[in-house]
Amino acid sequence: MTLSRNLHSCNNYNFISKSITFAFTLLVTSFAAPLLAIDFNSIKNADKSENIKLSQQQIDSLKSKKLTAALVWHGSSAWVSAVNQGAQETFSRFGIEVVAVTDAQFDPAKQVADLENVSILNPDIILSLSVDSTSTKNSYRDAISNGAKLVLLSNPIEGFIHHQDYVGIVTDDMFGMGKAAAQLTMDALKQSGKLGIIYHDAKYFITNNRDHAFRQALKSASNIDIVIEKGFVRESETSNIAAAMILQNPEIEAIYVSWDSAAEGVIEALRSLDRPDIKVITHDLGVNNLLDMATNRNLYGTVADRPYDIGATMAKLGAAAILGQRAAQVTIVPFDKVTKTNITSAWQQAFKKPLPKLLTQALQQ
Amino acid sequence: MNAQMLSLNQLKQIALHREAFIYYIFFFVLFFFAIVLHDTAFLTLSNFMNIVKQTAPLTIMAVGLTFALAVGHIDLSIGSVVALSALVGALLLQHTGIPLAVLGALLVGVTVGLINGLLIERLQVSSLLITLGTMGIITGIARQITNLESVPIINQDFTFFFGSGKVLGLPILLLWTLIIGGCAYIILKKLAAGRHLLAVGGNPVAARAMGIKVTRIRLYALIASSTAAALAGLLYAGRLHGARYTLGEADLLTVIAAVAIGGTSLFGGRACIVGAILGTWLMGIINNGLILSGFSTNEQMIARGVILVIAVAIGVKEIRNG
């Protein structure tokens, strides 16, 4: 999810190519060391973010300790900014000063340098997503050797032991999100119809699991016929894939695409083919596609996570760990099924910001 | 005539002072952060050692690139050579000892430099275009040979010699910087080869007339550039305990900026090794100082640009006043 957010939140080609290569690598890492990966069981047994609460007494105790935190991120995007904002505001409520925020730009060498720089400040809490478990492991180890509590986003670090080396991992419920996308598809097709699938054809843990969960959930809908499945590696490919798919199978009534910015290409193809009747279902929130949804065109629904809450949950786990509380290995943050009726609330839930003006105007029309 | 001679002398003085430019910038930035971050650990030895360790691969790349620029060539392939040499070294380490792994990695650099040089000289094409092409080829090979997978290094001797080791209490990465920088300084300042390099970069026609083998010198310079990048790849691999195809990817512009700020001309004929080293350290100090300042990442980017522009402006003013 983190990756797909990064993939579609930036138009810069270099950034996107870095994101794609990052995706490949994360997956390779997760496959090379299967014990590391967060699987269905760890999600099933995970704690829920809404359970992570601190009492006023605990908050007062935190405030008296004059704690500091560092946020060592993997890259920059609107999604990361929302995670960062959630963490910063939560720390602020606890009287914890954020002394450093870094962006590794998907470069493990930069993340290692960032960790070294941050360690000089001796933060009490470090929130981070590791760009590459192999290369950054030693620097994380050095950073926590001074006693810092490490809370991870999405990716485990090879050889790190829960409770001993890190507090916990905060992530999305990728399996639940895939299932929710399937439910949206059933709603869009009113339980029966012809479906095309445009899936992420790269080995990336999160998108693969979401796509897989989507397919699994659709098995219960016997009247929905998957007429064609096509994979994509780059987002720029989805427009051509969708156009070819529709030309070959004009009877298609809905298309599932792995994430929002990849869906932009699909919607563009549907517009140029003048097929407003074909509904699109995807993951994540993007202004362009939400405008399409708001104006009753192709996008029927999307499943969105809550990046602000991810950051806030990470901050809470780090603070709770300082007070001696033990977190579950994995904590999941909820997601929202989004259709035209709840765009505004879902956006606010995800980003804790008002809806962009353009979208508000489109919804009012 | 006298007036003309005077202005020529003045120009010469300014040119001589051009090498002092980096010192003004370097100490201005250091002074700036020392004041702003007086209540943090910025001014500690361990922090400066961190900066030196972080910038060691960049410094070696900058020293190598100085040779290519000295003869009037730009080498855009150095970032990709870093990745490929690190991967080759890490892969060889899984089957052989350190000497062969290091040799293999350095051979990557020598080969790429040779190919770059031969293509540029034989085809008489811009070094920018040729090295842009080879950069793509090498990046593709680096991605292909490992299927995008990181290659871990568990050989502790290797990580000691090329990464985390200390000799006489000094980080080994600092020693690598000093050794390579020292050798390059001697070549450029004390040996005939250095004078030939600058002569070729300054005026190739005159250099040829003086009997200097221009093509060969340019070839050597490009090999030096690539081989230094290959060594930088080994230093990255040693420091990170592994290699990855993205290593060096983001370093090219930083290295070019550091070398240019350090007083080396991007068009040949003028080279400053000390400036190149100080230039990369300057980049490291700015990066470190901004992180310790607690800025957000966006603010860090803006501040980095502002500091560089102000530092360059002050440096230029000081030189003119001098």
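**Reading a two-chain predicted model**

Mentor: Of the 365 residues in chain A, 58% are buried. A residue counts as buried if 20 or more other C-beta atoms, placed from the backbone, lie within 10 Å of its own, as exposed if 12 or fewer do, and as partly exposed in between. The model is predicted: local features need pLDDT of at least 70 and side-chain atom pairs count only at pLDDT 80 or more, while totals for chains, interfaces and linings use all residues. Residues are numbered from 1 along each chain as its sequence is written, and chains are lettered from A and ligands numbered from 1 in the order in which they are written.

Trainee: How many helices and strands does chain A have?

Mentor: Helices (H or I, at least four residues) and strands (E, at least two) are DSSP runs, numbered from the N terminus. Chain A has 15 helices and 13 strands.

Trainee: Why is strand β11 of chain A described as largely enclosed by the rest of the structure?

Mentor: Strand β11 (residues 299-304) is so described because six of its six residues are buried.

Trainee: Which strands of chain A pair with β11(A)?

Mentor: Two strands pair if DSSP finds at least two bridges between them. Strand β10 (residues 279-283) pairs with β11(A) in the parallel sense, over four bridges; in one of them, A:Ile281 has A:Gly301 as its partner. Between β10(A) and β11(A) the chain passes through helix α12 (residues 287-294), in a right-handed β-α-β crossover. Right-handed means that, with the strands pointing away from the viewer, the path from the first strand over the helix to the second runs clockwise. Strand β13 (residues 336-338) runs antiparallel to β11(A), joined to it by three bridges, and there A:Asp336 stands opposite A:Ala304.

Trainee: Is B:Ser85 buried or exposed?

Mentor: B:Ser85 belongs to helix α4 (residues 78-93) of chain B, and it is buried because 33 C-beta neighbours lie inside 10 Å.

Trainee: Which residues is B:Ser85 in contact with, beyond its neighbours within four places in sequence?

Mentor: Two residues are in contact if their C-beta atoms lie within 7 Å. For B:Ser85 these partners are B:Ala105, B:Val108, B:Gly109, B:Ala230, B:Gly233 and B:Leu234. B:Ala229 is 144 residues away from B:Ser85 in sequence, yet their C-alpha atoms are 8.2 Å apart.

Trainee: How many residues of chain B are in contact with chain A?

Mentor: In chain B, 25 residues are in contact with 29 residues of chain A. On the chain B side, α3 (45-70), α11 (214-240) and α13 (273-292) each give two or more residues.
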